[in-house]
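This briefing is for a reader meeting the structure for the first time. Please look over the sequence and the model before reading the points below.

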Amino acid sequence: MGFKPIPAAIALALGLLIWFGIPVPEGVTPNAWHLLALFVGAIAAIIGKAMPIGALSIIAVALVAVTGVTNDKPGGAIADALSSFSNPLIWLIGISIMISRGIIKTGLGARIGYLFIAVWGKKTIGIAYSLALSELILAPVTPSNTARGGGIIHPIMRAIAGSYDSDPEKGTQGRMGRYLALTNYHANPITSAMFITATAPNPLVVDLIAKATGAQISLSWGTWALAMLLPGLVALALMPLVLYWLYPPEIKSTPNAAQFASERLKEMGPISRGEWIMLGVFGVLLLLWAGVPAMIFGKAAAVNATTTAFIGLSLCLITGVLTWDDVIKEKSAWDTIVWFGALVMMASFLNKLGLIGWFAKTMESGIGHLGLGWVSASALLMLVYLYAHYMFASTTAHITAMFAAFYGAGLALGAPALPFALMMAAASNIMMTLTHYATGTSPVIFGSGYTTLGEWWKAGFVMSVVLVIVWVVVGSAWWKVLGYW
């Protein structure tokens, strides 16, 4: 059987209930309501993991096309169902995942981590900051936060902990492994919030913001990076200290860690040709994404962010750092393109058919009766949106299901469009802190056994509060300085 019966049955029942069992509300068209039924069923199946998300997305495309909820003509219906696969943002994240394979394949990611530990690894807290800085450097060109935190940084963290005999199987995780594992994890949501290309759902946030504002706000890579720079750096500076206070490591001085990292670097030898090439590609991507050519030579020299990603992948292929087989085998990239395309398509047509606007007005009316000003109202919306992630095992599913409606309601209640967009974008990443199933990185690190479930959830809630405060206080002040409101 290709699906899990119980989650599939629940998803099907929810979809059928909305389609047939609940009358279409006043102000909503039947087609919009029926698309909502398909959408809710798909999200429920994703949350319940009835099938892999890519497989569910193929089914969603088929259902949208066959039911004709977006177009009465069969040809128009399938064209609508496939419409988002031409969306540049989807290809930006897919191609970027392919490029990030070069960082792992050449060993550049591991070298960066060991370099930091060799310099700052004489104390446990220094190792923690080294892991966080490694995350930060890799984040702009590693859109799979799971690959970054779980595939590159986590093995380094485990090797360091193991060198001090901090092993969950021996009951010695408290020596330093628990603290370093939590630091390894909590750097991940912060760096994910700092760049559009640091995690797969961020381009979806950009797309939803643009649609909600009629393209008046279209966040570029540079605008996002600049806006998130200061709050992100403050958060990265505070995070190891907060976790050190919550779960202090028994071993605080680690002179051998620096030596261990230096030995690993010696084993790796000089920087290889592939690593030099990846550094060069890394530099080209950052310069083009940051808009440096346009700053120097004018608008005619501007390069689209997705075009930049294709340039980066082309350089990797031309130089042989990546082969076409590497690209074909990068399953996560192709998987992301498929499920991203399906979810963006459904969310887009919910907006086009007026359902998101109707739901936003309904929420606006409900919150309006509370008599709150826009500050309190938008704060309430953001917090409800963030902590609803306890019910989700996928940031993409959560963002697709809730972002547009909550952002639209905030705008209707008077929240300034750009600052509220940035705060909601930050919340879309901060919510990854909460649980051991919050994002792909969490089960990888939690599964290594360094923390108990209670320790993980406590750290997650405390860090969510700290990060919200940082973004509200530091972020708001920084955006004021930048003239965003």
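Which residues does His-34 touch, not counting residues up to four places away in sequence? They are Trp-19 and Val-69. The model is a predicted one.

**Domains**
- The domain assignment of the chain gives two entries, domain 1 (1–86) and domain 2 (89–329).
- Taken over C-alpha atoms, the centres of domain 1 and domain 2 are separated by 35 Å.

**His-34**
- His-34 sits in helix 2, which covers residues 30–47.
- His-34 counts as buried because its relative accessibility is 18%, and buried means under 20%.
- The contacts of His-34 with Trp-19 and Val-69 leave out residues up to four places away in sequence.

**Salt bridges: count and background**
- The count of salt bridges comes to six.
- Side chains of opposite charge can pair when their charged atoms come close.
- Three of these pairs are described below, each under its own heading.

**Asp-326 and Lys-105**
- A salt bridge joins the side chains of Asp-326 and Lys-105, at 2.6 Å from N to O.
- This pair links distant parts of the chain, 221 residues apart: Asp-326 belongs to helix 16 (residues 324–329), and Lys-105 belongs to helix 5 (residues 88–106).
- Lys-105 has a relative accessibility of 43%, so Lys-105 counts as partly exposed.

**Glu-455 and Arg-178**
- Glu-455 and Arg-178 form a salt bridge in which the closest N and O atoms are 3.0 Å apart.
- Because Glu-455 lies in helix 23 (residues 453–481) and Arg-178 in helix 9 (residues 177–194), the pair ties together parts that are 277 residues apart in sequence.
- Glu-455 and Arg-178 are both buried.

**Lys-211 and Asp-207**
- In the salt bridge between Lys-211 and Asp-207, the closest N and O atoms are 2.7 Å apart.
- Lys-211 and Asp-207 are separated by about one helical turn, because they are four residues apart in helix 10 (residues 202–212).
- Is Lys-211 buried or partly exposed? Lys-211 counts as partly exposed, because its relative accessibility is 29%.
- Asp-207 has a relative accessibility of 10%, so Asp-207 counts as buried.

Notes: Residues numbered from 1 in each chain as written. Predicted model: local features only at pLDDT ≥ 70, side-chain atom pairs only at ≥ 80, totals over all residues. Heavy atoms only, no water. Domains from an automatic or database assignment. Helix = DSSP H or I, 4+ residues; strand = E, 2+ residues; numbered from the N terminus. Buried < 20%, exposed > 50% of the residue type's maximum accessible area, 1.4 Å probe, protein only. Contact = heavy atoms within 4.5 Å. Salt bridge = Lys/Arg side-chain N within 4 Å of Asp/Glu carboxyl O.
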